[in-house]
Amino acid sequence: MNKIGVLTSGGDAPGMNAAIRAVVRKAIFHGLEVYAVNNGYQGLIDGNITKMDIGSVGDIIQRGGTILRSARCEDFKTEAGQKKGIEQLENHGIEGLIVIGGDGSFRGAQKLTEKGYPCIGVPGTIDNDIPGTDFTIGFDTALNTIIEAIDKIRDTATSHERTYVIEVMGRDAGDLALWAGLADGAESILIPEKADDFQDVINRLKRGHDRGKKHSIIILAEGVGSGVEYGQRIQEATSLETRVTVLGHIQRGGSPTASDRVLASRLGARAVDLLLNGKAGRVVGIQNNQLVDHDIIEILKEGHSINHDMYQLSKELSI
């Protein structure tokens, strides 16, 4: 293998640039040429492909977002779009592709794999919803962004003696809500993986109020529903003054934490190693602080699951 490509797809995540840097420099160290596929799978179809060198990834390890940019691409879900993408790669002599992204991005890589084109997936998503890895690139940074916001909201919640519902991202995965809620001592954590009884949330709020508690924090994962609607229901049921904060896309931005930079560097480099060793159709990850890789087709059959022990602990600590 002499030439490889790298693209980022789906929602951006802090640490993607660190992963790109690792791919480019690891590949060049081993004598490979590296090509950037800009604007995700849409750029692949359009042939928006440029050669990279060491300087292309200078001074990016600390930057959020992705220098390769990203885009949604419905065309790549079609046979014609996938065929066009492979043709573009072959026209540039690119013999293997590293895809940095989440579940949807990996499904695109899976289609290429099924058509015989060598792909490696690198998990980059703040949702932390990729099976086969303990953490995804961007999760730690997004988590710390949420915690910082909750800390500030708690100050004003205390001052005004209010209940706050804070809606966080995560799509259909509750990891961000669970980890943030446990880290910040939330009274209730509402996640898609657990069907929390609304009355249980209300009872918990009333118990706190009765013992003199001046404020409460409720963390709601977006996959559960609207934070605004949930806040209205709480105020109607308790008569407690309730405010809602939807953190939104602020969670995706910012300079990646040290943890995300190191994780991204390790995973990006491992992806290059796999291609150099003739392996394809794999997804890299980290489990128990050890780098691992899995079959991309098999891993996408598995569903995401939360840490149930952590969820139970959050219940026990928020009495």
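Which loop does Asn288 lie in? I found Asn288 in the loop between strand 10 (282-287) and strand 11 (290-295). For the record, helices (H or I, at least four residues) and strands (E, at least two) are DSSP runs, numbered from the N terminus.

Ground rules before I go on. This is a predicted model, where local features need pLDDT of at least 70 and side-chain atom pairs count only at pLDDT 80 or more, while totals for chains, interfaces and linings use all residues. Residues are numbered from 1 along each chain as its sequence is written, and side-chain values use heavy atoms, with hydrogens and water left out.

**Positive phi.** Most residues other than glycine have a negative phi. Asn288 is not a glycine, yet I read a positive phi of about 55° there. Asn288 counts as exposed because its relative accessibility is 69% (buried is under 20% relative accessible area, exposed over 50%, partly exposed in between, with a 1.4 Å probe and protein chains only). I also looked up Asn128, with a positive phi near 55°. Asn128 sits in the loop between strand 5 (119-123) and helix 5, and at 5% relative accessibility it counts as buried.

**Helix 5.** I checked the length of helix 5 (residues 139-160): its 22 residues should span 32 Å at 1.5 Å a residue, and the end C-alpha atoms are 31 Å apart, which agrees. The expected span is 1.5 Å times one less than the number of residues. Buried residues in this helix include Phe139, Leu143, Ile150 and Arg154. Their cover includes strand 6, helix 6 (175-183), strand 8, strand 9 and helix 9.

I got an open sheet of 4 strands in the order 7-8-6-9, with parallel pairing (two strands pair if DSSP finds at least two bridges between them). Strand 7 (188-190) and strand 9 (242-246) are at the edges with a single partner strand each, so one side of each has no neighbour in the sheet. Strand 6 (residues 163-168) and strand 8 (residues 216-221) pair in parallel over 6 bridges, and Val168 stands opposite Ala221 in strand 8.

**Val272.** Val272 lies in helix 9 (residues 258-276) and counts as buried because its relative accessibility is 1%. Beyond its neighbours within four places in sequence, I listed contacts (heavy atoms within 4.5 Å) from Val272 to Ile4, Val23, Lys26, Ala27, Leu32 and Ile98.
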